[in-house]
Structure formats: structure tokens, C-alpha cells
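Open the model in your viewer and keep the selection tool at hand. We will go stop by stop.

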Amino acid sequence: MRKNILGRLLTLFVLLFSFQMGAVEVQYSEEKGATDVKSEIKEYISHHLLDSYDFGLYSYTNDEGNHEYVGFPLPVIIWDDGLKVFSSSRLKHDEGVAEVGGNFYRSYHGKIYKTDAAGTLKMDADNHPEGRVHLDFSITKNVFTIFVVSLLILLVFNRMARSYKKGAIPTGIGRGLEPIVQYIRDDIAIPNIGVKKYKKYMPYLLTVFFFIWIINLLGLTPMGINVTNNIAVTLALALITFLITTFTANKNYWAHIFWMPGVPPLMRIVLAPIELLGTLIKPFSLMIRLYANITAGHIVLMSIIGLMFIFKNWLGSSLSFFLAFALSLLELLVAALQAYIFTMLSALYFGSAVEEHHEDH
Amino acid sequence: MEKLINEFSFGLFFWQLLMFVLLVILLRKFAWKPILNAIESREEGIKGALDAAEKAKLEMANLQASNEKLLQEARLEREAMMKEAREIKAKMIAEAKDEAKSEADKMITNAQAAIQSEKKAAVAELKNTVAELSVEIAEKVVKGELSDKTKQLQLVDSMLNDAKLN
């Protein structure tokens with residue numbers, strides 16, 4: 001029975017994986033030269049890593065040579081002389097100009113810019129377009145994914161919570177999730193924070209673990225989702241860890257930062273700014289680690305998939321396929337590992353913030 | 001770094017922060033608290049049951065040990081009682097023997113004394129009878145002598161002879 005389930009999962013994975021490659025292939029099968037393909041692949045990867053204003057599943061070039069997009073539009077919400085809301089379908093995938101309330105907007109590389117009626121972008125000295133709309137609260141593909149994942153987590157775990165009312169052992173999906181919840185409690189929270197104080201941090205630790213894990217896993221599906229390789233997302237998560245650490249910290253924690261016990265007074269003055277900087281570096285490293293790992297994973301995986309269309313022979317392409325397949329399996333591990341590391345380090349920081357004073361140091 | 005700052009989307013940051021805080025708050029109320037409480041109470045239940053089982057096992061062992069002790073005590077007591085009974089028996093037999101012996105001795109002595117006194121009485125009676133007989137004989141002799149002098153003398157002589165022979 002177990003072998004059967006494993007086999008099915010593997011089949012499913014291979015199937016999904018081949019779809020993902022199919023998405024790339026459809027777009028590039030029409031291309032001609034090898035150099036052309038290389039730059040196109042590079043362009044495609046960098047595009048994939050960006051956020052988009054519509055929920056695009058994939059795009060292809062039809063027989064007439066036009067780009068066809070499969071997906072659905074999402075609302076664009078911007079604050080530019082008042083709140084402006086319009087459908088992303090009006091932006092026509094960076095190609096159209098949307099006229100809202102007398103102003104013209106167009107998207108370019110995942111950002112909204114204010115332009116003229118023709119949609120011309122003025123480039124500045126660094127080759128960046130001018131007129132970016134900064135107060136952009138659009139429900140982008142990533143924001144939409146965050147909503148969906150949040151809702152999913154809420155439903156799944158509420159269902160799990162309700163299943164405890166029927167008996168001591170959860171039913172359905174909760175039976176599989178309970179060991180993970182227990183693992184986070186027994187092997188992450190309690191050893192790092194301490195058995196007396198871990199309870200108030202559990203909701204955050206559990207949420208952050210499942211949120212990162214599920215959203216990382218979604219990044220491996222062929223839907224082209226990549227939420228955790230946005231620095232804004234990882235910053236938000238790291239900021240919450242930082243704020244919780246700072247606002248729940250006890251006297252002992254601050255004493256260790258500003259007036260390190262057990263060292264000469266002169267050293268204390270030297271240590272204070274270093275320690276203070278350390279409090280910022282800790283969440284900063286959380287932010288960069290998650291962002292960099294997921295981004296690197298996506299870039300490498302897509303590059304190897306892209307190699308298939310550069311080789312265009314059975315040996316190189318099949319080699320590239322197996323390499324990409326192995327890497328996909330590795331990325332599955334990384335998805336869970338990064339969620340674990342983020343949770344683990346957050347617990348470690350909380351632990352240092354609430355640690356009681358010890359006489360022995 | 002410059003690319004990172006350029007890529008930074010404030011909207012995404014805003015929504016992520018908002019959604020995540022909301023998610024933590026909602027999950028805490030509707031999922032984590034009930035889940036963690038249920039797990040904890042279940043674990044406590046299991047721990048309690050295990051403790052109770054351990055306690056029962058210990059009690060059982062204690063009970064068994066005390067039973068064994070009781071049995072041992074009973075066995076010792078029985079042995080002691082039997083030993084005592086044997087001693088009493090031996091003592092009683094010895095006592096009975098002694099008593100019987102002394103009683104027999106006493107009876108023998110008594111019998112001997114009785115025999116002795118009976119003998120004395122018989123001797124005395126015999127003496128009396130002899131005396132009476134002697135008197136009677138003497139009477140008769142006297143009567144015969146009274147009639148014949150020679151005969152009297154003869155009688156006395158024979159009587160005397162008889163008495164001497166006696």
C-alpha cells in the first residue's frame with residue numbers, strides 16, 4: 001500500500017514537472033538560433049522571478065506569432081492622487097496603457113509606472129524608467145497566492161482543531177500534520193525557548209513554519225509561483241520575528257546588549273554598539289537566507305531546464321532532464337529545510353530574549 | 001543590493017505583513033490553541049495512565065511480597081506449634097509413666113503391708129484357736145483324768161509328747 005502511494009506521488013511529480021517544462025518549451029520551440037534561445041531563456045527566467053499583475057499560468061506564441069497568455073487578471077490598486085482600482089487585463093501584459101481618472105499607467109517588469117497616453121517610458125541615468133508608482137497595493141500574483149495559502153492553512157488547521165472534539169486522535173489530514181506540530185513544539189520551541197515560556201511563541205512559530213513550507217512547495221509547482229523569493233515577503237516575516245524578539249525581551253536580554261555582565265567596563269562600551277547591531281543582523285540574515293535560497297533554487301532549476309533547448313540533442317537534453325529532476329527533488333527538501341531554519345532561528349532569538357539570568361557567566 | 005532595493009515592492013510587503021499577522025491571530029484562536037491543548041491533555045492522559053499502571057504494578061509487587069511474608073510466618077508458626085505439641089506429648093507420656101510407676105510402687109507397698117497385717121492377724125487367730133483348742137483339750141483331759149487317774153497321767157504324757165512333737 002505504501003509503495004503504491006509513493007509510486008503515485010512520484011508519477012504525479014513527474015507529470016507536474018513535465019508540464020513545467022512544457023510551459024517553457026511551447027514558448028521557445030519557435031525560436032531559431034542558439035544565441036537567441038540563450039538570451040530568451042535568460043529573459044524568461046528573470047521574468048519568472050518577478051511578480052506580475054495577473055495570475056498567468058503560462059504563455060505561448062500562437063501560429064500568427066502573437067503571444068497568448070493563459071491565466072486570469074487580478075485587481076490593480078494604486079494610490080496616486082487618490083485611490084485607483086482597475087483590472088490588470090487593461091495593462092495587457094506590459095503592452096497596454098490603462099487610462100484611469102485622466103492618468104495613464106503601464107506596467108514594466110512587474111512594476112507600475114505613470115506615463116503619457118502613448119505609454120513611453122523615460123529612462124534615467126541608470127537605465128531605470130521614471131515615474132514609478134510607489135504606493136502600489138495591487139493584488140498581484142504573489143499577493144493573491146498569499147491570500148490563497150493563508151486561507152488554505154486556516155481551513156486545514158481549523159479542520160484539524162475541530163477533529164479533536166471527536167476524540168483524542170485527529171482524523172484526516174490532521175493525523176499527518178500532528179507529528180509536525182509536535183516536532184515544532186518538542187524539538188524547536190521547547191529546547192530553544194524553555195519549557196516555561198515557549199507557549200506564547202507557539203502560534204507564531206507554527207504559522208511561520210507552515211506558511212513558508214507550503215508557499216515554498218507551491219513555488220515548485222508549474223504554476224510559476226514564487227512568493228518567498230521576494231525580498232518584501234521575507235522582510236515582512238523577519239520584521240515580525242524582530243518585533244516579537246524586541247517586545248518580549250526581558251531585562252536580562254537588554255543587559256547583555258547595553259551593559260554586558262562579566263567584562264571590564266571599557267569592553268562594555270565597545271560591545272554595546274556591536275551587540276545592538278547584532279539584534280538587527282539576526283533578522284536581516286533570516287530575510288536574506290530565505291530569499292537567497294529560494295531565488296537560487298529557482299534560477300538554477302530553470303537554467304538547467306533551459307539547457308534542454310540549447311542542447312537540442314537527445315544526449316544533452318536527457319542529461320539535463322535528469323539533472324533537473326534530481327534538482328527538483330533537492331528543492332523539495334530545501335522547501336522544508338528553509339521553513340525549518342527560519343522557524344528554528346526565530347525560536348533561538350526568542351529564547352535569547354527571554355533567557356533568565358545565569359550566575360555562571 | 002541596488003537591484004534588491006529596486007525590486008522591493010511595498011505593496012507586497014504591506015499585504016504580506018497584514019495577512020501574516022491576521023493569519024497568526026486567527027490561527028491562534030481557531031487552530032493552534034485547540035490543537036496544542038488537545039495534544040497536551042492527551043499526553044497528560046497517557047502519562048497519567050502510565051503512572052497509574054506503574055503504581056498498580058508496584059502495589060501488586062508489594063502485595064505479593066506481603067503475601068509471601070505472611071505465608072512464611074504461617075509456616076514458621078506451624079512448625080513452632082508442631083514442635084511444641086511434640087514436646088508436650090513427650091512430656092505427658094513421661095509424666096504418665098512416672099505417675100504410673102509411683103502408683104504401682106505405692107500399691108505394691110500397700111499390698112505388702114496388707115499381707116503383713118493379714119498374716120499377723122491370721123497368726124494371732126491361730127494362736128487364739130490353738131489356745132482355745134488347748135483349753136478344750138485340757139477340759140476333756142481334765143474330764144478324763146477325773147475318771148481315771150492312770151489314764152489322766154497317760155493323757156498328760158501323750159499330750160505332752162504331742163505338744164513336743166508339735
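Select strand 5 and strand 6 of chain A. These two strands form a hairpin with two residues between them. Click Gly101(A) in the turn: its phi is positive, about 55 degrees. Strands and helices here are DSSP runs, numbered from the N terminus: a strand is E with at least two residues, a helix is H or I with at least four. This is a predicted model, where local features need pLDDT of at least 70, side-chain atom pairs count only at pLDDT 80 or more, and totals for chains, interfaces and linings use all residues. Residues are numbered from 1 along each chain as its sequence is written, while chains are lettered from A and ligands numbered from 1 in the order in which they are written.

How many bridges join strand 5 of chain A to strand 6 of chain A? Three, and the two strands run antiparallel. Two strands count as paired if DSSP finds at least two bridges between them. Pick Ala98(A) and look across: its bridge partner in strand 6 of chain A is Tyr105(A).

Strand 6 (residues 103-108) of chain A pairs with strand 7 of chain A over five bridges, in the antiparallel sense.

- Phe104(A) has Thr115(A) as its bridge partner in strand 7 of chain A.
- Arg106(A) is partnered by Tyr113(A) in strand 7 of chain A.
- Ser107(A) has Ile112(A) as its bridge partner in strand 7 of chain A.

A second hairpin sits here. Two residues lie between strand 6 and strand 7 of chain A, and His109(A) in the turn has a positive phi of about 50 degrees.

Take in the whole sheet. It is open, has three strands in the order 5-6-7 (chain A), and pairs in the antiparallel sense. Strand 5 (98-100) and strand 7 (111-115) of chain A are the edge strands, each pairing on one side only. From one strand to the next the twist averages 35 degrees. Axes are lines fitted to C-alpha atoms, for helices over the stretch in contact, and angles run from 0 to 180 degrees between N-to-C directions. Strands of a sheet pair through backbone hydrogen bonds, either parallel or antiparallel.

**Another hairpin**

Go to strand 1 (residues 54-61) and strand 2 (residues 67-73) of chain A. They pair over seven bridges in the antiparallel sense. Five residues separate the two strands of this hairpin, and Gly65(A) in the turn has a positive phi of about 90 degrees. Select Ser59(A): Tyr69(A) in strand 2 of chain A stands opposite.

**Helix 8 of chain A**

Select residues 265-311 of chain A. Why does the end-to-end distance of helix 8 fit its 47 residues? At 1.5 Å a residue (1.5 Å times one less than the number of residues), the helix should span 69 Å, and its end C-alpha atoms are 65 Å apart, which agrees. Stop at Leu271(A). Helix 8 of chain A bends there by about 35 degrees, and Pro273(A) follows within four residues. The bend is the angle between axes fitted to the seven residues ending at a residue and the seven starting there. After the helix comes Lys312(A), with a positive phi near 50 degrees.

UniProt (unreviewed entry) annotates "transmembrane region" at several stretches of chain A, including residues 290-311 and 317-342. Such annotations may be inferred rather than shown by experiment; feature names are shortened and positions use the numbering here. Residues 317-342 of chain A are 100% helix and 0% strand, with end C-alpha atoms 36 Å apart.

**Across to chain B**

Chain B averages 89, and 96% of its residues score at least 70.

Select residues 46-91 of chain B, which the unreviewed UniProt entry annotates as "coiled-coil region". This stretch is 100% helix, and its end C-alpha atoms are 67 Å apart.

Last stop: the contact between the chains. 38 residues of chain A are in contact with 29 residues of chain B (C-beta atoms, placed from the backbone, within 7 Å). Helix 3 of chain A gives the most to chain A's side, with 11 residues. The predictor gives the complex an ipTM of 0.81 and a pTM of 0.73.

Key. pLDDT is the predictor's confidence in each residue, from 0 to 100. Two residues are in contact if their C-beta atoms, placed from the backbone, lie within 7 Å.
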